[in-house]
Every structure is written in C-alpha cells, then in structure tokens.
Amino acid sequence: MTQSLAPAVVPKAELHVHIEGAASPELVRELAQQNGVDVTGLFAEDGAYAWSDFTQFLAAYDSASRVFRTPQDYTRLSETYLRSIAEQGAIYAELTISPDHAAAAGLSYADYVGGLAEGIYRAREATGIEARMIVVGVRHFGARAVEQVAAQVTARPHPLVTGFGLAGDEAEGHPANFARAFRMAGEAGLGLTAHAGETAGAESVTAALDFLQVSRIGHGVRAIEDTAVVERLARDGIVLEVCPGSNLALGLYGALRFHPVNLLRRAGCRITLNSDDPPFFGTTLGEEYEGCARTFGWSREQCLDITRTAIGAAFCDEDTRGHLLRAVADAAGAPPAPA
Ligand SMILES: [Zn+2]
C-alpha cells in the first residue's frame with residue numbers, strides 16, 4: 001500500500017466570525033441582483049470588497065448586509081460559509097449573529113435565527129461540521145438596546161443559540177453599562193464573550209472581565225500592553241478569540257511577525273484562531289492557521305492544540321464537545337504530514 005503524500009488536514013474550529021461579514025462577494029452580488037438591492041461602489045475592479053479605512057469598512061459591511069432580506073437568504077449565507085470552512089478542515093464554528101442587522105433588513109429575530117439554523121443543519125448534513133450561534137448586542141447602540149437583545153434571546157430559546165456577546169465600537173460605553181444584559185444572558189445558560197482589547201487597550205480587557213463574567217474575550221490581543229492583564233488571562237484560563245488577519249487588515253500591526261498572538265501563547269494564555277470578517281479582510285480560517293504556523297514555526301501538534309483550546313471553550317453541550325475532541329484525537333494519531 002502506498003502512503004498518501006497529501007498532508008493530513010489539521011482539524012480546525014472557529015469561535016469568532018460575524019456571519020454577515022463572512023458573506024462572499026459572489027453571494028452578495030447574486031442576492032443583490034435577486035433582491036434588487038443597489039450595491040454600487042461595494043466592489044473593487046477585481047471583484048473583492050472595496051474599502052480602505054475603518055469607516056469605509058463599516059459602510060461596506062452594512063451595504064453587503066443589506067442584500068439579505070429573507071430567511072432563505074440567511075440559510076444560503078450560513079450554509080455557504082460553513083461548507084467553505086469545512087473544506088479547509090473546520091469541524092466546528094460559532095457564528096456571531098446580530099439581530100439589530102436583521103431588523104434593519106426588516107426580518108424578525110425568529111426568522112433570522114430560523115433561516116441561519118436551516119443553513120447550519122444543511123451544512124452539517126453535507127459535511128459533518130457542527131455549528132452554534134452567538135447573539136451579540138451592539139455597544140454603541142447603548143445599554144438599553146443590548147438589554148433588549150438579551151431579553152429577546154432569553155425569551156425565545158433556540159437549541160443552536162448558545163452564546164451571548166458584545167460587539168460594536170469599543171470606544172463607546174463602559175462594560176459596566178452592559179452588566180445587566182450579561183447577567184440575564186448568563187442566568188439563561190448562555191456562554192458569554194465580549195469584544196475587548198482590539199481598538200481599545202489592555203484596560204478594556206480588565207473591564208470586560210470585571211463586569212461581564214465572560215469566559216472568552218473577542219480579540220483581547222492588546223492585553224499584551226500590560227503584563228498584569230496577561231497574567232490574569234493566563235491564571236484564570238480566559239480564552240482569547242484571536243483574529244490576526246483582521247488585526248493586520250485594520251492596521252493594528254504592520255505584519256504577522258509583529259502580532260502578539262505567539263507572545264500571548266507563550267505567556268500561557270489560551271489562544272484560538274479566527275477570521276472575524278474573512279472576505280473583507282482577505283483571509284480565511286485555513287489561512288489564519290497556515291500563516292501562524294509558517295510565521296511562528298508552530299508544529300502540527302501546536303496547531304492541533306489551538307483547535308483543542310477552541311473546542312474546550314466552545315459554547316456547546318458536552319456530548320458534542322466530546323465528539324469533536326475525539327475527532328481531533330483521531331487526527332493527532334494520524335501519520336504526520338511529510339515535510
Ligand atoms: Zn469581531
């Protein structure tokens with residue numbers, strides 16, 4: 001028997017990807033035409049999303065989001081995205097979803113979640129990938145709006161909605177303002193995470209930990225600016241949803257070799273790799289793993305460890321977690337890829 005020369009794919013898991021931000025330009029163009037939505041200026045000549053600074057990125061994101069009008073549109077979005085990362089080796093993903101975005105398109109919370117869930121079921125049927133959803137409130141809409149999102153999520157439980165989070169402009173609103181919303185979500189059994197330490201500094205990570213009872217931080221990389229915060233993350237086992245490609249695209253760091261992900265890992269922080277808004281940032285989940293392995297010299301075992309960390313921190317039931325960890329163990333036992 002000849003042994004395959006193709007390297008065995010590292011199983012991957014993604015905890016931080018905004019579903020509207022994961023929409024491929026092809027799907028957005030198709031739905032724009034189908035739904036009669038004007039997307040003038042959204043695309044560059046090469047067909048990719050066109051933006052050059054943070055404000056333009058937000059405008060492009062909103063413009064792309066507007067083509068999704070029906071539950072069926074969202075089904076196509078989640079199914080397409082999950083199939084694409086399953087091809088890259090993903091066995092698990094948590095999709096960050098924003099009812100405020102869906103409401104802007106005239107869709108109810110139930111239709112939004114129902115449409116996305118159908119895509120998750122279809123992708124699982126086709127590829128075996130497991131997925132869950134994290135509902136986020138938008139911090140620059142204020143504490144009342146985020147509490148309304150929390151109330152909606154807890155009043156209408158869905159088996160695939162397993163997490164609650166906070167997104168939006170980190171410069172707006174102290175985490176203390178959102179403590180009540182997070183308490184409601186936590187009491188309902190949802191896993192908790194919040195964006196911090198991306199555009200704001202290490203103190204924003206401390207504030208999220210102090211006031212929001214989160215077990216994970218979205219990004220959190222700027223914790224590196226304060227040794228005490230890094231030590232706290234490591235000691236308390238807080239998991240960082242690191243999105244290197246996003247940080248590079250938005251200019252936080254000039255090149256991957258200057259990104260603190262490896263320093264944080266070596267300091268004992270629990271690290272995962274994520275794509276955030278992949279087609280906007282010219283990245284994919286697979287490229288995040290490959291780029292870090294290449295740049296920081298991570299072994300296959302270290303990459304598998306990233307996936308184990310993500311599954312350990314996943315907002316899923318214990319049966320699913322056990323099944324996913326067994327899949328990683330099977331891959332770890334597979335013959336190593338040729339050099
Ligand atoms: Zn994000």
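## Confidence in the model

The structure is a predicted model. The mean pLDDT of the chain is 94, and 96% of the residues reach 70 or more. Over residues 1-5, however, the pLDDT is below 50. Beyond near neighbours in sequence, this stretch has two contacts in the model.

## Helix α5 and its surroundings

After the helix comes glycine 128, which has a positive phi, near 90°.

The buried residues of α5 are Tyr109, Tyr112, Val113, Gly115, Leu116, Ala117, Gly119, Ile120 and Ala123. They pack against both helices and strands: the helices are α3 (71-87), α4 (99-104) and α6 (143-155), and the strands are β2 (90-97), β3 (130-138) and β4 (161-167).

Leucine 107 is located in the loop between α4 and α5. Its relative accessible area is 9%, and because buried means under 20%, leucine 107 is counted as buried. Leaving aside residues up to four places away in sequence, leucine 107 touches Arg69, Thr70, Pro71, Tyr74, Ala102 and Tyr112. One of these, Tyr112, is also among the buried residues of α5.

The separation between leucine 107 and arginine 69 is 38 residues in sequence, while their C-alpha atoms are 6.9 Å apart in space.

## Two pairs of helices

The axes of α6 and helix α7 (residues 179-187) come within 8 Å and cross at roughly 10°. The two helices are therefore roughly parallel. On the α6 side the contact is made by Val146, Glu147, Ala150, Ala151 and Thr154, and on the α7 side by Arg180, Ala181, Met184 and Ala185. By class, six of these residues are nonpolar, one is polar and two are charged.

Helix α13 (residues 300-312) and helix α14 (residues 318-333) have axes that come within 10 Å and cross at roughly 175°. This angle makes α13 roughly antiparallel to α14. From α13, the residues Arg300, Leu304, Thr307, Arg308, Ile311 and Gly312 meet Arg321, Leu324, Leu325, Val328, Ala331 and Ala332 of α14. This contact has seven nonpolar, two polar and three charged residues.

## Two residues with positive phi

Most residues other than glycine have a negative phi. Histidine 219 has a positive value, with phi near 75°. Histidine 219 lies in strand β6 (residues 216-219) and is buried, with a relative accessible area of 1%.

Aspartate 276 also has a positive phi, near 65°, although aspartate 276 is not a glycine. Aspartate 276 is placed in the loop between β8 (270-273) and α12 (285-296). Its relative accessibility of 3% means that aspartate 276 counts as buried.

Glutamate 87 lies in helix α3. At 73% relative accessibility, glutamate 87 counts as exposed, because exposed means over 50%. Between glutamate 87 and valine 9 there is a separation of 78 residues in sequence, and the distance from C-alpha to C-alpha is 9.7 Å.

Note on methods:
Residues numbered from 1 in each chain as written. Predicted model: local features only at pLDDT ≥ 70, side-chain atom pairs only at ≥ 80, totals over all residues. Heavy atoms only, no water. Buried < 20%, exposed > 50% of the residue type's maximum accessible area, 1.4 Å probe, protein only. Helix = DSSP H or I, 4+ residues; strand = E, 2+ residues; numbered from the N terminus. Contact = heavy atoms within 4.5 Å. Axes fitted to C-alpha atoms, helices over the stretch in contact; angles between N-to-C directions. Parallel < 35°, antiparallel > 145°, perpendicular 65-115°, else oblique. Nonpolar A, V, L, I, M, F, W, Y, C, P; charged D, E, K, R; others polar. pLDDT = per-residue confidence, 0-100.
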